Amino acid sequence: MSHGHAEVITTHEVHHDEHGAHHHHQSFITKYIFSQDHKIIAKQFLITGMIWAIIGGLMSVLFRLQLGYPDQTFPWLEDILGNWARGGKITPESYYALVTMHGTILVFFVLTGGLSGTFANFLIPLQCGARDMASPMMNMLSYWFFFGGSIVMLSSLFIQTGPFSGGWTAYPPLSALGDASPGSKTGMDLWITAMAMFVVSSLLGGLNYVSTVLNLRTKGMSMTRLPLTIWALFFTAVLGILSFPVLLSGFILLLFDRHAGTSFYLSDIYIAATNQALPNEGGSAILYQHLFWFLGHPEVYIILLPAMGMASEILSVNARKPIFGYMAMVGSLFAITILAFLVWAHHMFVTGLNPFLGSVFVLLTLLIAVPSAIKVFNWLTTIWKSNIKFTPGMLFALGFVSLFISGGLTGIFLGNSTLDIHLHDTYFVIAHFHIVMGVSAFFGMFAGIYHWFPKMYGRFMNNTMAYIHFWGTLIGAYLIFWPMHYEGLAGMPRRYLDYSNWSSFNQFGELNKFISTVAMIVFALQLLFVFNFFYSIWKGRKVTTLNPWDATTLEWTTPIHPGHGNWEGEIPEVHRWAYDYSKDGRDFIPQTEPIGPNESKH
Amino acid sequence: MTTTGLFLLAILALGFLITFQIAKASEYVSVLKGEKKSFEQNNKINGFLMVVFLVLGLIGVWWCNKALYHKTLMPYPSASEHGENIDTMLKITLLITGIVFFITQILLFWFAYKYQYSDKRRAFYYPHNNKLEVLWTTVPAIALCTLVGFGLYYWFKITGDAPANAMQVEITGRQFGWIYRYPGKDNVFGKKYFRMIDEADGNMLGLLWKDSTMQTPNGVQNLKADPTGFDDIIQTSAMYLIKDQPVKLIINSRDVIHDVGLPHFRMKMDAVPGTPTTMWFTPKYTTEEMKKITNNPNFEYEIACDQMCGNGHYSMKGLIKVVTRDEFVLWRAKQQPGYKAPTKAGDPALNAPGAQPAPAAQPADTTAAGAGVVVPKGNLVAAHK
């Protein structure tokens, strides 16, 4: 780290710079564990998220094993899982626990914590031109609440009555009554505790992201010069701040119903297992669903927007072409953010919701397809007449667009209440949301990791493994989820342990076997990625230039191994937007370059 | 671990090792060849794979459809009139989204292939075009309005009031099965109250078969027997419906949320404890006719629980038998009412307040129950005819 670069300490800004570059001695613990450096916190989120993704993915492999081979026994499963697989078969309790945990982990701990936590932390200060987050301390706390929540959630796997097993949406009364399901005993208390900590983490992070984007942009970095990644991460944070508290309120009421004898969600219940009518009267089970989906739907966009932002950025960099319709992209992100709050009840068309209210939600839901369509057409136009470099990041960004189209279009089926009557809670829904927010968000995340890995670790990931990872995952994802639409069109319900007793749904045995096999292969491919990631941290090809992708944005003006504070000298000033690629005969013009006298306007 | 398990693990590890070695070798090769040359080669391969993926993907879509279409419900007519509307809606949506799907995916992969990197070319600086953007804002908006229009037209038709001549059947979910109730000769459902449920006594739904006084959160309640419930038919084996006769289902749950899923009728509605829901439709084909239509001698109209309801969720199956009117009358005549007269009319153990263990936690009385007969909220179902 260089010292004494600031010759004259006069302005506040320069003074601040000194703080940035100057380092008092840090111990291993303050530097890597309780670090307040946004880049380290980002890596902590990323690696924790990856560990969660492996656990959550492995869970899906286990329950797919049951779904694909319902009449076979696997004695080795009992060796690994003990009581969860008595006699080598996944028991119903453990099947539902696996399904529930898979959903909770992937939605919250991987695609929210792991995705936003990583890239908002990493990119916001670097691309806005800030030394760090507005409050590094809060930022650190955000990670440690996430970590604490993770530990609590993980611990629920090891208790006697098992983890929560009523589906990731945790609808009461099932989630409120331990007598209705063993997973709703202590497992559910741990689930709620973990989720509460997760919400705290998410709010601490989100407030920081918003205040950093609004207050700590470098000189010249107006909002309309921000890269689309930052816009997307900004709107993601806004969504989280406004919707997570509502989820928490729903959980608190649920906790009261469980332990304090209240009747927010409970009414008219007779439990056959104990031969007992419960004292609760007057509650509404549907109230919980409103509170849940008021977060639950924005949550979909909390997952998706960062992927959209990163895909936009990476497409533009590697197509060597400006993103098409920057303002329309920002506008559509804004529209999605607003509409995300107004569509939650489309998850509830068949709960007995007033049909008129349902119709309002149909209109608003299908409206959200308009900004989504704008984004797709803009991405397509971005690569039209471009000059594409197929870096691993670019491949995943292109894959993201393909998956977003496929999964987005089936949303038009489900958002239409008439069709939802038929397709609700069938495999069609599984196919839809796994493609559009599961796999495609993962593709956005992979794109981001491959693209910014050189900035994170000063090395490249291995290209060959990345190509195998990309093509295998893209093909595998379609092989897994495309045929599931057909199961949905047969009315096959989701969350069933075994379909062989159903004359309406038992015709898909072969297909289930096929899907399970592909799922296992695709899971193994993700391990290849994980290996590539960790191998490349220490052994990857070294980055030798500041700007390996020839990108315009600010993060590539920092040293190859930026210290806490990011820039050694002054923070560079910004003079233009982030997308001057192939302009005026030049390959790219960095944001830091002043507008030339003869430069053409866009 | 069995040998197969170990064998599979070994193969996996070997696969990893080989891939890793190839990956490492290719990195050295690229150093030898020069970064520029290896980049160009990789770029060509990936560009080519883009178009290969597109072509194979389109073939795959066609092939998947060929293999699986006949396993869905689409080749057969829907078994209800509502279902026909839903199928029409499905076709309209498939058509519109299908066109968009093919156009956008083909453009995406074709552009990726066509505009792969070349030294001789420079990308076209094209930051925006307002006309184009307005075009692809309005066209999707119009297409979606069409879909909303059709969708809501059918939606209100389906969720509208049941016809006056609709037969009423009550269906109640419980972990893990269904209870069906018919109103009996008087065509009126007897009142019920969930605290009266007594499995041992055969009163699965808590019908008010006898006078009773009980301690409830709303104070001491005197419940009068409701004679309209004495002739109610309670069934757990199958729900019988009449072909071409509209039926209105009154849907309840006894414990957690369930869902009455009727794939062949394309209908679905949640069963929510404490909040009865309804759904109506008109069956078009008898079970026997459906056996011929689907070419499946074992065909049955199954009721599938579509809402996660506990560890037995996957086994929560119900049965609907659609029969002709004559067959229905015959079936109906054979049914015995569920009512059992109290064996010991004045049994204090049955009637005394506090006979049931007082609930541990009693929320405050918020419903301001009046004296005399308290009308419990929610779960009372009295049909009007």
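The centres of domain 1 and domain 2 of chain B, taken over C-alpha atoms, are separated by 45 Å. Domain 1 of chain B covers 33-118, and domain 2 of chain B covers 167-351. The two domains do touch in this predicted model. Domain 1 of chain B brings 10 residues to the contact, and domain 2 of chain B brings 13 residues. Look at the side of domain 1 of chain B that touches domain 2 of chain B: it has 5 nonpolar, 4 polar and 1 charged residues.

Now turn to the meeting of the two chains. Chain B gives 111 residues to this contact, and chain A gives 113 residues. Several elements of chain B each supply at least two residues, among them helix 1 (3-33), helix 2 (35-68), helix 3 (81-114) and helix 4 (130-159). Strands take part as well: strand 8 (258-262), strand 9 (267-271) and strand 11 (301-305) of chain B. Which element supplies the largest share of the side of chain B that touches chain A? Helix 4 of chain B does, with 15 residues. By class, the side of chain B that touches chain A holds 55 nonpolar, 37 polar and 19 charged residues.

Stay with helix 4 of chain B. Helix 11 (residues 355-367) of chain A packs against helix 4 of chain B at an angle of about 165°, and their axes are 10 Å apart. An angle over 145 degrees counts as roughly antiparallel, so helix 11 of chain A is roughly antiparallel to helix 4 of chain B. The crossing of these two helices is right-handed. On the chain A side, the residues that meet helix 4 of chain B include A:Pro355, A:Gly358 and A:Val362. Among their partners in helix 4 of chain B are B:Leu144, B:Gly151 and B:Trp155. This helix contact has 10 nonpolar, 4 polar and no charged residues.

Next, a pair of helices within chain A. Helix 3 (residues 38-68) and helix 6 (residues 136-155) of chain A pack at about 15°, with axes 10 Å apart. Angles under 35 degrees count as roughly parallel, so helix 3 of chain A is roughly parallel to helix 6 of chain A. Their crossing is left-handed. Helix 3 of chain A contributes residues including A:His38, A:Phe45 and A:Trp52, while helix 6 of chain A contributes residues including A:Pro136, A:Tyr143 and A:Ser150. The contact counts 8 nonpolar, 5 polar and no charged residues.

Then come some backbone details. Most residues other than glycine have a negative phi, and most peptide bonds are trans. Where are the exceptions here? A cis peptide bond joins A:Pro172 and A:Pro173, with omega about 0°. A:Pro173 sits in the loop between helix 6 and helix 7 (186-215) of chain A. In chain B, a cis peptide bond links B:Gln175 and B:Phe176, with omega about -5°. B:Phe176 belongs to the loop between strand 1 (167-174) and strand 2 (177-182) of chain B. A:Arg495 has a positive phi, near 60°. Its place is the loop between helix 17 (484-489) and helix 18 (509-539) of chain A.

Finally, consider confidence. The predictor gives the complex an ipTM of 0.92 and a pTM of 0.91. Chain A has a mean pLDDT of 92, and 96% of its residues reach 70 or more. Residues 1-22 of chain A stay under 50. Chain B averages a pLDDT of 86, and 88% of its residues score at least 70. Over residues 344-385 of chain B, the pLDDT is below 50.

Technical notes:
Residues are numbered from 1 along each chain as its sequence is written. Chains are lettered from A and ligands numbered from 1 in the order in which they are written. This is a predicted model: local features need pLDDT of at least 70, side-chain atom pairs count only at pLDDT 80 or more; totals for chains, interfaces and linings use all residues. Axes are lines fitted to C-alpha atoms, for helices over the stretch in contact, and angles run from 0 to 180 degrees between N-to-C directions. Helices (H or I, at least four residues) and strands (E, at least two) are DSSP runs, numbered from the N terminus. Angles under 35 degrees count as roughly parallel, over 145 as roughly antiparallel, 65 to 115 as roughly perpendicular and the rest as oblique. A crossing is left-handed if the near helix is turned anticlockwise from the far one by less than a right angle, and right-handed if clockwise. Two residues are in contact if their C-beta atoms, placed from the backbone, lie within 7 Å. Ala, Val, Leu, Ile, Met, Phe, Trp, Tyr, Cys and Pro count as nonpolar, Asp, Glu, Lys and Arg as charged, and the others, Gly among them, as polar. pLDDT is the predictor's confidence in each residue, from 0 to 100. Domain bounds come from an automatic or database domain assignment.
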